[in-house]
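Dear colleague,

I am passing on the structure below, together with some notes on the salt bridges and on one further residue. Please read the notes with the structure open beside them.

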Amino acid sequence: MSTPERELLDQAAALIATKKGTRLTVVDVGGSSIPTSYFLIASGENPVHVRALADELLAKMPLAPRHIEGVREGRWALLDYGDFIVHVFQDEVRAFYDIEGLWPESQVTPWTGLRPSPPPV
């Protein structure tokens, strides 16, 4: 079953993928003390690309983020949509912070654009 928050996350991921963002990864943090359900993590090639990916979300998502950080610098852009947070990194910054590595592998999945169907009831 798809939830509205997951549908919005998938929309954000599709927008990033369309602009050639790479290594899209979803981290399910819903069971933690973090006040969001998901992280969407993506990579851009350079500061201009990171800014372009963030600007694409700002222009085309159906809701505005609650908070934005780092877009101007273009090394690590954070867009907080409440139910999910988008992190867009330059590759070397992503490797340094390794957000995916903080979570168990069972909570970290590559975003492929396809979601598994729920089992039949």
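R23 and D91 are joined through their side chains by a salt bridge, with 3.4 Å from N to O, where the term stands for a side-chain nitrogen of Lys or Arg within 4 Å of a carboxyl oxygen of Asp or Glu. Because R23 belongs to strand β1 (residues 22-28) and D91 to helix α3 (residues 91-97), this pair ties together parts that are 68 residues apart in sequence; helices (H or I, at least four residues) and strands (E, at least two) are DSSP runs, numbered from the N terminus. D91 itself is partly exposed, its relative accessible area being 34%, on a scale where buried means under 20% relative accessible area, exposed means over 50%, and partly exposed lies in between (1.4 Å probe, protein chains only).

Please keep in mind that this is a predicted model, in which local features need pLDDT of at least 70 and side-chain atom pairs count only at pLDDT 80 or more, while totals for chains, interfaces and linings use all residues. Residues are numbered from 1 along each chain as its sequence is written, and side-chain values use heavy atoms, with hydrogens and water left out.

How many salt bridges does the rule give? The count comes to five, and another of them pairs K60 with E56, whose closest N and O atoms are 3.0 Å apart. Both K60 and E56 sit in helix α2 (residues 47-60), four residues apart, which is about one turn of the helix. K60 is partly exposed, at a relative accessible area of 47%, whereas E56 is buried, at 10%. These two residues also belong, with K19, to a linked network of salt bridges.

A further salt bridge brings together the side chains of R94 and E100, at 2.3 Å from N to O.

Finally, I looked at V93, which is found in helix α3 and is buried, with a relative accessible area of 4%. Once its neighbours within four places in sequence are left aside, V93 is in contact (heavy atoms within 4.5 Å) with R75 and W76. Between V93 and S43, which are 50 residues apart along the chain, the C-alpha atoms are separated by 9.3 Å.
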